[in-house]
Amino acid sequence: MQLSGIIPPRFRSDRRQGRLPARWHVGNRQLLQAISLAVVACVMIPVAYLVIGAVGAGQDGVDYLLRTRTILIVSNSLALMLATTFLATLIAIPFAWLTGRCDLPARQVFLALGLAAMVIPSYLTAVTFSEAFGPKGLLQSLLEPLGVDRLPNIKGFVGATLTLTFVTFPYVVLPARAALLQADRALEEAGHSLGLNRWQVFRQITLPQLRPALSAGMLMTALYCLSDFGAVAVMRFNAFTRAIFIQTESFRMDKASVLGLVLIALTMLLLLLQSRLHSNGRHYRIGTGASRELQTVQLGRLKLPGVLFCAAVIFMGVAVPLLVLFKWLAGHMITSPIHVPLDTLAQNTVGVSAASALVVSAAALPLALLAARASSRFDRWLVKLAYAGNVLPGIVIALALVFFASQHMLSLYQTLPLLILGYAIRFLPYSIGATESALEQINPRFEESARSLGLTARESLLRITVPLARAGILAGLALVFLNVMKELPITLILRPIGFRTFATRIWSAYDEAFLSSIALPGLALILVSASVLFVILRQEKTAP
Amino acid sequence: MSATRITLFSLGVLLVALAGAPALADDEPVLTVYSGRNESLIGPILAQFSEDTGIAVEILYGGTSAVANQILTEGENSPADVFIAQDGGALGALAAADMLQALPEATLSRVLDAAFVSPAGLWVGLSGRARVLVYNPELLDEMGLELPGSILDLTADKWRGLVGWAPTNASFVANVTAMRVLLGDCDAEDWLAAMIANDAQAYPKNTPIVQAVINGEIPVGLVNHYYLYRFLAEDPEITATLHFFPGGDVGSLINIAGAAILQSSDRQDLALQLVDYLLSDSAQAYFAAKTYEYPLVTSVDPSVDLPALADIEAPEIDLSDLDDLQGTLEMIENSGALD
């Protein structure tokens, strides 16, 4: 099972570096550039507006930036990011190894259940963790007979870290697993023959081969932590996104802009660091002969602990949220007097996600073509800028757009197109990435042949290139759909008045403490997301 | 082949989306309400209004301070016709920015107590609410604590980490504004700092505070009086109780939820129709019976066993003096209560 496609290609370590020689064979290049430029201009609106907002704040903005409180927010966010990335990796390595390389019973089932944690949005995990591990939560009621009267409050750093660890660990498992499966058996055998024990082989041979994959997964996790809003808001941990939300909610745009720019700078710094640190050592095979089947590691006496470990990870990441949701579904606590039919929520959620996925895929195609087939510096810059969504957290995009529309684009203010624009900016990289990697696998000779056989550039694009890249385009479509569906801050801030989705319903029910009213939309959201993920995985599996 | 399956799936999704589209694109003229009150409190009566009058209402929900700030930012362009707030101060802030339309005498005179109406006739109270300390008597007993005589006593060491509050909630913000007006900015600032130093437990809203007190996570919390009754209606066994600070203490502030019409609205008639509807006997009875607030028209009585509004030893204060919303919000932010 090849699962690495879930991760946007920019974060994959196995991205091909070289470019094919430049002869343009597909579509009208100037037209593609013009469309791409328009898309990139839209993507740049938030950044431009933040700069304007922050500059407009002038000296006040500088003062605000240099307050001890702002510096505290920076260190909070960094601490959360470091702790979560460390813990997620600590969990993900053994999980990937056990389910990928060892004779664990039903390891595919363990793997699938572990990865299912990805479809549970961070805010749901956070809300259910507060219920499960709160001072008077489920865990406490289990411990009651032992005389445990109350547990310490997990709100704050502990709760946010715990939540994000179990939300993000699959992002490390995926690349780690892919790398483990590609590892060279000969190296491990050599290690064994030189007298290393199992642990030494893992530490000295297997782990170093994982390094590029791990660094990609850890980067994903770190970026997720910096941009996540739901978990830190629910856990009341004063990280960047929560601070920005508080300012945005009160329409204090200058301060929100200052915070937003700092967050973007922080994210870009992280990307820069990662590309600098990225080891240039060799991790590929240099021996002659074919790479052989990997040997399954016999766990022996360690089998039971291995099973228990994987079960515990799945219990935390998937079972606890589901158990709490089912408990709320069955429980009789105060429910919201506002009844919103589930099918309205489903229709809105699926409708806006599908519309966004289509818009994003359409916008991504010209950029992906430029990325895969172009060589000019201008083209490369366009593509780079289009990836801005990777460093723009949802809350930052939302704040810039709401500011922009309320002041200058009133006809867009509180409308669906603005909401979809917000999603598009955020998730465009996912679609470009998926499409680009599909295009890169098409041999340009096909397009050349088509041209030499008399097809125009446009015809060769529509009849040769796009059909061949179909799988990648559709994977991008599904990936955007999946992410839009559970997106929270953009939805909360940019949605039209009265427009409700699963995410906003869960949020408002949480906000007013109508916990029972979280259960149904929560479970429905998980169900729909899981089905989409299942489709993506099936596609990955059967792809040529 | 799997790509076909995905194509089919996307087509299905698209169909559902198209089916949903007509519901989204509806161009009928509607009344736009910006509500700083929770949907669960005001949503049902607004739906009833639509049903009774045939006037469609679109409602934006948010925190009262946030929504007031949003209207101030939108200015002339605001889509809002009516602003419903859970704090006289937020209404006062919009009045001070000269954004509100004066209401006719017939509307204003429905509310008998002049304290609950804007002196300039720019906003009108819809229901009354008292600030209280909700407490868990068993937990308090267990901890050997006695109820405080004043909100200012909660900074004492024995309350360390035990008091729940909602620093972003508009009713709380109004309470701090009242402190500024009655005791001065310095004392208000000191109280906030002392509460934070005393590890007051921050919650996003009132309801979770009441829930936490009922669950025994904290013994006491600063909230509005009516939240507890919603829990009691579900489960009469709950032992949590309300404490009204005595002797005109600033902690017993009586505030209003109120409504105003925006000057920029081009649907003044419909807007007024809504405000009048909310002051009608049936709507007032709704507030009494469903949100457990004090009705403000004489013909309707509170529905639960509450001390009469006049019997609460509330501080003497003019609600329209609570209009420095921005000042209080900044004071709260600078105190570090939101961190």
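This is a predicted model: local features need pLDDT of at least 70, side-chain atom pairs count only at pLDDT 80 or more; totals for chains, interfaces and linings use all residues.

Residues are numbered from 1 along each chain as its sequence is written, chains are lettered from A and ligands numbered from 1 in the order in which they are written, and side-chain values use heavy atoms, with hydrogens and water left out.

Select chain A, which has 22 helices and 0 strands (DSSP runs, H or I of at least four residues for helices and E of at least two for strands, numbered from the N terminus). Of its 544 residues, 59% count as buried (under 20% relative accessible area, with exposed over 50% and partly exposed in between, using a 1.4 Å probe and protein chains only).

Next, select residues 157-182 and 303-330 of chain A, which are helix 6 and helix 12, packed at about 105 degrees with their axes 9 Å apart (axes are lines fitted to C-alpha atoms over the stretch in contact, and angles run from 0 to 180 degrees between N-to-C directions). The two helices are therefore roughly perpendicular (65 to 115 degrees).

Now select A:Arg500 and B:Glu39, which form a salt bridge with their closest N and O atoms 2.6 Å apart (a side-chain nitrogen of Lys or Arg within 4 Å of a carboxyl oxygen of Asp or Glu). A:Arg500 is partly exposed at 22% relative accessibility, whereas B:Glu39 is buried at 9%.

Terms used: Angles under 35 degrees count as roughly parallel, over 145 as roughly antiparallel, 65 to 115 as roughly perpendicular and the rest as oblique.
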